Every structure is written in C-alpha cells, then in structure tokens.
Amino acid sequence: MKTPLILPVILAAAGAVHAIPAVDAPAPAFVARDAAGKTVSLAAFRGKTVVLEWTNDGCPFVGHMYNSGVMQGLQRNAAADGVVWLTVISSAPGKQGFLAPAQVGPWKARVGAAPADVLLDPGGQLGRAYDARTTPNMVVIDRTGRMVYEGAIDDDPSTNPADAHKARNYVALALADLRDGRPVAPAVTKSYGCSVKYP
C-alpha cells in the first residue's frame, strides 16, 4: 500500500516493462515528485547536464561519501557549473533509507547535502527505469538528454571516508569531459554499495 503522504513517480511508459537503459542512448523520461510535492520532469532540464544520484542514508557506502564531504563537494561544484543534480531515494516505506517528505529537509541539513532537488521514489519506478541496483548509483545525462555515464561514484568500494578523497571519481571525470567537449570515459562502470531497498 502506498503511503498517502508520498506521490509516486510517473514514468513516460507507465505500466510498461522497461528495457535496461543504455549509455549513449536517450535517458528514460520521467516525471517525479520532490519532498514538497512539486512535479519534477527530466524534460524540463533539456539543454542542461543532469546528474542522478541514488542514495540511502543508512548505507555505509553512501555514508562514507557524505562523511568525507566528497558528495557535497561534487554537488556544489556541479551547481556552480550549471549542472542539475537530483538525488533519488528509492527505498520503500519501512526499509533502510526511506524518508517521508517531512524528513528530507532535516536529512539534508544534517549531512550538508546540496542537490538541486531530492526525488522521492518509494514505489521504485524511477529506480527500476534506470536499473539502479546499489546506493550510491550514479547517472550523468548530457544536454541533449543522452545518458553518457552510468555506474559507480568512484573506483574504491570503501566505507572509510578518508578513501573517498584518494579515489578516482568517475562522476567528476564525466562532468569534466562534458564541460571540455571530450567523449566521456569511462562511460560505464560497475556500481558498488548497498542494494536499493525496493518494495
């Protein structure tokens, strides 16, 4: 049963079986709701680079990125470059990482998160459309709406905050490649972390 306080994500092909999205192909369209109940659509950001970050506050792999300050730094740097950073919470009610709308603001304040918005996906439709399997899971979409990166945040599957500063950060590399007009490389990596807590 859906929690009445949370409106579900509505996908462009609602009810359809979604193919696994492919890098270098159009990113799956979506219309989602944020904690304030505002509608957020991927189409609205056409012409801008978009980052999707799947998160789970209870996951130690997410925790080390936030405890190190690396994730917040990426979010702020992205905003300064005109990139739209959307944090997605696909944890189902009653499962690790789930946040009700009223809990999102306090979570952001506690960890210092600085995304452009937080999308609530308790039914898992958005996560499944992007085949998000772990937290963190990262997607970068270019200005034309093409998915140009998918996978891990970096190359070090650690839970030690100190390691986040030494790792090769794939999202930072992808954004730099886009900014400088280079092909994104690597474009696909294997994500690591906690499983997404779908219904």
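**Cavity, pockets and packing in the predicted model**

The lining of the largest cavity comprises 2 nonpolar, 6 polar and 1 charged residues, where Ala, Val, Leu, Ile, Met, Phe, Trp, Tyr, Cys and Pro count as nonpolar, Asp, Glu, Lys and Arg as charged, and the others, Gly among them, as polar. The model is predicted, so that local features need pLDDT of at least 70 and side-chain atom pairs count only at pLDDT 80 or more, whereas totals for chains, interfaces and linings use all residues. Residues are numbered from 1 along each chain as its sequence is written, and side-chain values use heavy atoms, with hydrogens and water left out.

The structure holds 1 cavity of 30 Å³ or more. On a 1 Å grid over the protein atoms alone, a cavity is a set of points where a 1.4 Å probe fits but cannot get out, a pocket is an open set with protein on both sides within 12 Å along at least five of seven lines, and lining residues have an atom within 4 Å of a point. Grid points are joined across faces, edges and corners, and a volume is the space filled by probe spheres set on the points. The largest cavity contains about 30 Å³ of space. Its lining is formed by Trp54, Thr55, Asn56, Ser90, Ser91, Thr135, Ser195, Val196 and Lys197.

The greatest contribution to the lining comes from H6, with 5 residues. In total, 16 residues line the largest pocket, and Thr49, Asp81, Val83, Leu175 and Arg179 lie nearest its centre. The lining of the largest pocket is made up of 7 nonpolar, 4 polar and 5 charged residues. For the second largest pocket, the volume is about 220 Å³. Among the 13 residues lining the second largest pocket, Asp131, Arg133, Glu150, Thr189 and Ser191 are the closest to its centre. This lining divides into 6 nonpolar, 3 polar and 4 charged residues.

Helix H3 (residues 101-111) has Pro101, Val104, Trp107 and Val111 buried, with buried meaning under 20% relative accessible area, exposed over 50%, and partly exposed in between (1.4 Å probe, protein chains only). These residues lie on the same side of H3 because they cover an arc of only 85° around the axis, the arc being that of the directions from the helix axis to the C-beta atoms. Ala102, Pro106, Ala109 and Arg110, on the other side of H3, are exposed. The buried residues of H3 pack against helix H1 (60-67), helix H2 (70-80), strand E5 (84-89) and strand E6 (117-120), contact being defined by heavy atoms within 4.5 Å. Gly112, which follows H3, has a positive phi, near 75°.

In H2, the buried residues are Val70, Met71, Gln72, Leu74, Gln75 and Ala78. The cover over these residues includes strand E4 (50-54), H1, E5, H3, helix H5 (161-164) and H6. H2 is followed by Gly82, for which phi is positive, near 80°.

The largest nonpolar core contains 34 residues, of which Trp85, Val140, Tyr149, Ile153 and Val171 touch the most other members. A nonpolar core is a set of buried Ala, Val, Leu, Ile, Met, Phe, Trp, Tyr and Cys residues joined through side-chain atoms within 4.5 Å. At least two residues of this core are supplied by each of H1, H2, E5, H3, E6, strand E8 (137-141), strand E9 (147-151) and H6. Apart from this core lies another, of 22 residues, including Val40, Phe45, Val50 and Val196. Not counting residues up to four places away in sequence, Val140 touches Thr49, Val50, Val51, Arg146, Met147, Val148, Tyr149, Val171, Ala174, Leu175 and Leu178.

His64 is placed in helix H1 and is buried, with a relative accessible area of 1%. With residues up to four places away in sequence not counted, His64 touches Ser158, Thr159, Asn160, Pro161, Ala164 and Tyr192. Tyr170, in helix H6, counts as buried at 12% relative accessibility. Its contacts, leaving aside neighbours within four places in sequence, are Tyr149, Ala152, Ile153, Asp154, Asp155, Pro186 and Thr189. The C-alpha atoms of Tyr170 and Pro60 are separated by 19 Å, the two residues being 110 apart along the chain.

Methods. Helix = DSSP H or I, 4+ residues; strand = E, 2+ residues; numbered from the N terminus.
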